[in-house]
Amino acid sequence: MRGWSVKDKAGIVGQAAAGDESSSMGGETSGPAFAEKAFGAAADPCGAWPTLNQAEADQIAKARLNAAALKFVTGEGVCLGRTDLRAGVVVDLQTGSKSFSGPYYVTGAEHRYSDEHGYLTYFTVRRNAS
């Protein structure tokens, strides 16, 4: 995160790296750590947000890292209708694989009813670690 301090008339560089994620959602390896091991360190410079100080620049960089990490594992599914399944909740999915079982953040849910299938809920999820 690159910014400019008007008060100090100096550049501000906020940084975040693998390990700065807010949570691993029960996984062993976070998305950023997995990508860094596979491809090496990467930079994603941005300067779209004005910053007042170093701490704020670091928080913006960490927020961008967390947003990117949450796209590491994505999925979609369908289950018998559940009114409590909606965007913003965390669900525990058991996939049959230790690496991919655990908590997932629900990004969308659609509730459908048909005469043929009854009440079903279609959902999309994300996770930041495996």
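Predicted model: local features only at pLDDT ≥ 70, side-chain atom pairs only at ≥ 80, totals over all residues.
Let's start with the hairpin. Strand E1 (residues 2-5) and strand E2 (residues 10-13) run antiparallel to each other and pair over 4 bridges. Within this pairing, Gly3 sits opposite Ile12 of E2. Between the two strands lie 4 residues, and Lys9 in this hairpin has a positive phi near 50°.

Next comes helix H2, residues 54-69. Its 16 residues, at 1.5 Å a residue, should span 22 Å, and the end C-alpha atoms are 22 Å apart, so the two values agree. Several residues of H2 are buried, including Ala57, Ile60, Ala61 and Leu65. As background, an α-helix has 3.6 residues a turn, so residues three or four places apart point the same way.

Now for the sheet. It is open, with 4 strands in the order E3-E6-E5-E4 and antiparallel pairing. Strands E3 (73-80) and E4 (90-93) are its edges, each pairing on one side only. On average, neighbouring strands of this sheet are turned by 40° against each other, direction ignored. In E6, Arg126 is the bridge partner of Thr74.

| Strand pair | Bridges |
|---|---|
| E1 and E2 | 4 bridges |
| E3 and E6 | 8 bridges |

Finally, look at Thr121, which belongs to strand E6 (residues 118-127). Is Thr121 buried or exposed? Its relative accessibility is 0%, so Thr121 counts as buried. A polar atom of the Thr121 side chain lies 3.0 Å from the backbone nitrogen of Arg82. Beyond its neighbours within four places in sequence, Thr121 contacts a number of residues, among them Gly77, Leu80, Leu85 and His111.

Conventions
Residues numbered from 1 in each chain as written. Heavy atoms only, no water. Pairing = 2+ DSSP bridges. Expected span 1.5 Å × (residues − 1). Buried < 20%, exposed > 50% of the residue type's maximum accessible area, 1.4 Å probe, protein only. Polar contact = N/O pair within 3.5 Å; in protein donor to acceptor, adjacent residues only side chain to side chain. Contact = heavy atoms within 4.5 Å. Axes fitted to C-alpha atoms, helices over the stretch in contact; angles between N-to-C directions.
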